[in-house]
Amino acid sequence: MRDFTTDHRWLSINTATVRKSRGVDVPLIDILDACAQRGIRAVAPWRDQVAAAGLANVARTLKAHGLELSGYCRGGMFPAADAAGLQAALDDNRRAVDEACALGSPCLVLVVGGLPGALDGKAAHKNIALARSQVADGIASLLEYAHERSMPLSIEPLHPMYAADRACVNTLEQALDLCDALDPARSGALGVAVDLYHVWWDPKLQAQVQRAGQDRLHAFHVCDWLTPTTELLTDRGMMGDGIIDIRQARGWVEAQSFAGYSEVEIFSSTNWWQRDMGEVLDTCIARHQSAV
Ligand code: ZN
């Protein structure tokens, strides 16, 4: 297992972690500058942040700083209530693949979606099996496009509390079943993003990480699970402040020869997003060494 205690060369910052500084939105370029100043070597930006800053501008800044991507957030949201909606989702996902290519990302992370309309509080139906079959069809279709452009797709299973509105793929086992079904030859074009916030509780986690193997382990996301958790989406903890045995899980991933970045992804509306960006980044570096 790699020693993270003395430096942060394998730390990546998911840019949502410092989306806000003292409660105010931070432009992506400022985030990239602040990461580079601290010797952080990788980031994972979000599409909305990239769109606001301009794709070419972001690509240029990444290059100027020598920053890599550990992933691009995100594609997915495949299910829809009608054919036009399914096609619109596919078109948008193709644009996400193109952006990931332009930024030199190693993969496009997929948050696959749940019941259409549920995110707005107006679910079109209650058929989660239908949503799951639309997810499989959507990934199959996107896979062809992404594979032609050599952009791997990484399915991120989300905690079951998000099954209705964000992702009806909720375990690593379910994600790997999709990989087996859609890419049986293990071409490398389809794999998983293991986010410990979503999968730490799973009794099958270690076994499924072994099943994934190096070729399907595309990304490793860390933060911590707070007790109590006061908000479903934006109350993630800093590594070391909660109950996830992060180092044990990293050991399982690295036992499969995973040698990529440990990406910090924290949504925290009442704590970390209220602090100064510099303080948050410095804390990420310290906790990467002490708790990851
Ligand atoms: Zn994640």
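Author: By the rule used here, the count comes to 21 salt bridges, a salt bridge being a side-chain nitrogen of Lys or Arg within 4 Å of a carboxyl oxygen of Asp or Glu. One of them joins the side chains of Arg-47 and Asp-92, at 3.0 Å from N to O. Because Arg-47 lies in helix α2 and Asp-92 in helix α4 (residues 83-102), this pair ties together parts that are 45 residues apart in sequence. Helices (H or I, at least four residues) and strands (E, at least two) are DSSP runs, numbered from the N terminus. The side chain of Arg-47 also meets that of Glu-99 in a salt bridge, again with 3.0 Å from N to O.

The model is a predicted one, in which local features need pLDDT of at least 70 and side-chain atom pairs count only at pLDDT 80 or more, while totals for chains, interfaces and linings use all residues. Residues are numbered from 1 along each chain as its sequence is written, and side-chain values use heavy atoms, with hydrogens and water left out.

The domain assignment, which is automatic or from a database, gives domain 1 (1-68 + 223-292) and domain 2 (71-195 + 203-211). Their centres, taken over C-alpha atoms, are separated by 22 Å. Each domain gives 20 residues to the contact, where contact means heavy atoms within 4.5 Å.

Between the two domains, about 1800 Å² is buried, and carbon and sulfur atoms give 61% of this area. Buried area is the accessible area (1.4 Å probe) that two parts lose on being put together, summed over both. In domain 1, the residues that lose the most area to domain 2 are Arg-47, Leu-232 and Trp-252, which together account for 36% of what that side buries.

Between domain 1 and domain 2 there are 3 salt bridges. Across the same interface, 6 residue pairs are in polar contact, both residues at pLDDT 80 or more; such a contact is a pair of N or O atoms within 3.5 Å, where within protein one must be able to donate a hydrogen and the other to accept it, and residues adjacent in sequence count only if both atoms are side-chain atoms. On the side of domain 1 that touches domain 2, the elements giving two or more residues are β4 (42-44), α2 (47-53), α3 (55-65) and α9 (246-254). Helix α3 supplies the largest share of that side, 4 residues.
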